[in-house]
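Welcome to this short tour! Open your viewer, get ready to select residues by number, and follow along stop by stop.

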Amino acid sequence: MSLRYKIIFLFILAIVLPALLLSIILTSISKKALKNSIFYQQEETLNRLSDRLTSQINHNQQLLFVHKNIGRMPKAEQLLTAKEIFAQSEDFTEIALLDKNAREQWKLTRSGPVKNLAKRTTKPEFLEAYKGFEYISPVYISGQRSPYLILSIPLSPASSVLTAKLDLEKMWQWIKEIKVGQTGQAFVVDLKGNLIAHRDPERVWMHSDFSNLPIVKDFISYKQINSENWPEYKDEKGETVVSLYRPLAKFGWAVIIQIPAREVYLPVKRMYQSILFWTFVWTSIFLVVGYRFVKRIIDPLELLKSEAGKISQGKLDIKLDIKTGDEIQELAGSFEKMALSLKELEELRQDLISMIIHDLKSPLSGIMGGLDYLGSGLLGELTPEQKRIVEISNKSGQNLLIMIQNLLDIAKMEEGKLELRKEKFDIAKILLERFNQFEPLVKSENKTISADIGKDIPVIEIDGALIERVLNNLISNALHHTLKEGKIVLGLKNLDKFVEISVTDNGSGIPEEYKDKIFEKFVQIERKRVHLRTGAGLGLTFCKMAVEAHNGKIRVESEPGKGSSFILSLPSPT
């Protein structure tokens, strides 16, 4: 049977999906109905609590209005009236009468008159009432950690103000005792999201800020919530909850109740689990049968994946024993042929490298030796033109020798056979030596080179010869790609655990999409096509691998037309 028909058969097994879809639909419908029911229950609880809080404050405020003629009475009668107010409401803890200059004429607490009277010129309870407005203050916490607010009303025609401190312990008690489901809770916040009542008074004493809670944000932005758009929220602990609020506009508060979503939807969850259980029972048989077919597909693919991993590690001797009689078996056969071709190519590559090293290096050394001998003048004085040709040939030979050495080292590093000869070096000294070596050549091309060596550069442990070659490659690269009067800057600085070396030029630059490609091997054709830095395609590859062999990193920062900066980081002693 072909893979195509196996997949078709697997889709036939997907007959179980309608059963799962049906269970989801039933659950969704039940969840919506239950959610609406809970919404209205919680809304009723919220309304009762809100009305109770509003009623408490309104009742006490009305008591003050009943006695608004207190300003016309003699002081003795005023004090008797204040005591009557205390008797009519146990919520008041302090009553005071202020004259038009905001000076307290008298102040009475439940324990008796207060002798030290104050002036409340800047207090809002005086300023608002003096303008003829009723005033209800924000909630304060007393030194005894008791919540209170201040009520004040204007007295006419005496232009005085009656203020009273209202204890809110009852409000806290109501919040603490109200039952919201099994584990839900109620609390009160103001328009800034500050907590003013909670079943845990400690939260209020700590001036907890609930402004980041989604339900509080909805209150502050006056977002309307109903049973159709009743969202789920995250509470201050990150738990998913369903929540409602009712604004108390007169006070600038909102009463909020919330209940964990897991509790709300527990009945739905149980029903859903039951539906899933019976769905599982009826679909298990189909799944068992389907598993056998899927296994015949998955097992060969897993084997192919495993062997592909081996190929990525350079292990090309693979043998697949896959006999499924379908396209997977054909794929396995093609895979084995591909691995065999890769093995042959790898052997060819190794032979090519060996040929380059052994068959080219020796005769090249002979050629360069002959050129040196010819240039020495021992065979006769050369004409200026002859000297120039010998120098060009010698330089080309040197470049070719470097390419061969780079290819050899890259092959060794790829195979993990290059042994680093690490010693402690003064990297600043090495960089200055490179500067001194290249300075005459740079000046001869009417270009400039400078060095910026930072302070406190540590001695690092490196393969000196290898890093010198890296720097030579980078400086030569910069020199080659800067125009007349170009500038090259060598930089070195200490970055705690690393030293950072940079070679910066103001040459042609590199497009963003090719910054990584320039470190790949043998990409000179593509480089020429997009006018990138050209060459044998090995110099920058060698630099990258040599730096990474030191557990370092190399990167390039460049902008077309503004130059490039090759930056390498090498570990330094901690």
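In which sense do strand β17 and strand β19 pair, and over how many bridges? Select residues 498–505 for β17 and 563–571 for β19: the two pair in the antiparallel sense over eight bridges. Strands here are DSSP runs of E with at least two residues, helices are runs of H or I with at least four, and both are numbered from the N terminus. Two strands count as paired if DSSP finds at least two bridges between them. Now pick Thr-504, and you will find Ser-565 of β19 opposite.

Before moving on, note that this is a predicted model, where local features need pLDDT of at least 70, side-chain atom pairs count only at pLDDT 80 or more, and totals for chains, interfaces and linings use all residues. Residues are numbered from 1 along each chain as its sequence is written, and side-chain values use heavy atoms, leaving out hydrogens and water.

**Widen the view**

β17 and β19 belong to an open sheet of five strands, in the order β14-β16-β17-β19-β18, with mixed pairing. Select 448–453 (β14) and 553–559 (β18): these edge strands have a single partner each, so one side of each is left without a neighbour in the sheet.

**A second sheet**

Next, look for the five strands ordered β9-β8-β12-β11-β10, an open sheet with antiparallel pairing. Its edges are β9 (195–198) and β10 (232–234). β10 pairs with β11 (residues 240–248) over three bridges, and Lys-234 has Thr-240 of β11 as its bridge partner.

**Into the core**

Which residues touch the most other members of the largest nonpolar core? Select Phe-92, Val-189 and Trp-253, out of 63 residues. Such a core is a set of buried Ala, Val, Leu, Ile, Met, Phe, Trp, Tyr and Cys residues joined through side-chain atoms within 4.5 Å; buried means under 20% relative accessible area, with a 1.4 Å probe and protein chains only. Helix α2 (residues 16–66) gives the most to this core, with eight residues.

**Last stop: confidence**

Colour by pLDDT, the predictor's confidence in each residue, from 0 to 100. The chain's mean is 81. Strand β1 (residues 92–98) is highest at 93, while helix α14 (residues 524–529) is lowest, at a mean of 45. Where pLDDT is low, the predicted coordinates should not be read in detail.

Methods. Buried < 20%, exposed > 50% of the residue type's maximum accessible area, 1.4 Å probe, protein only.
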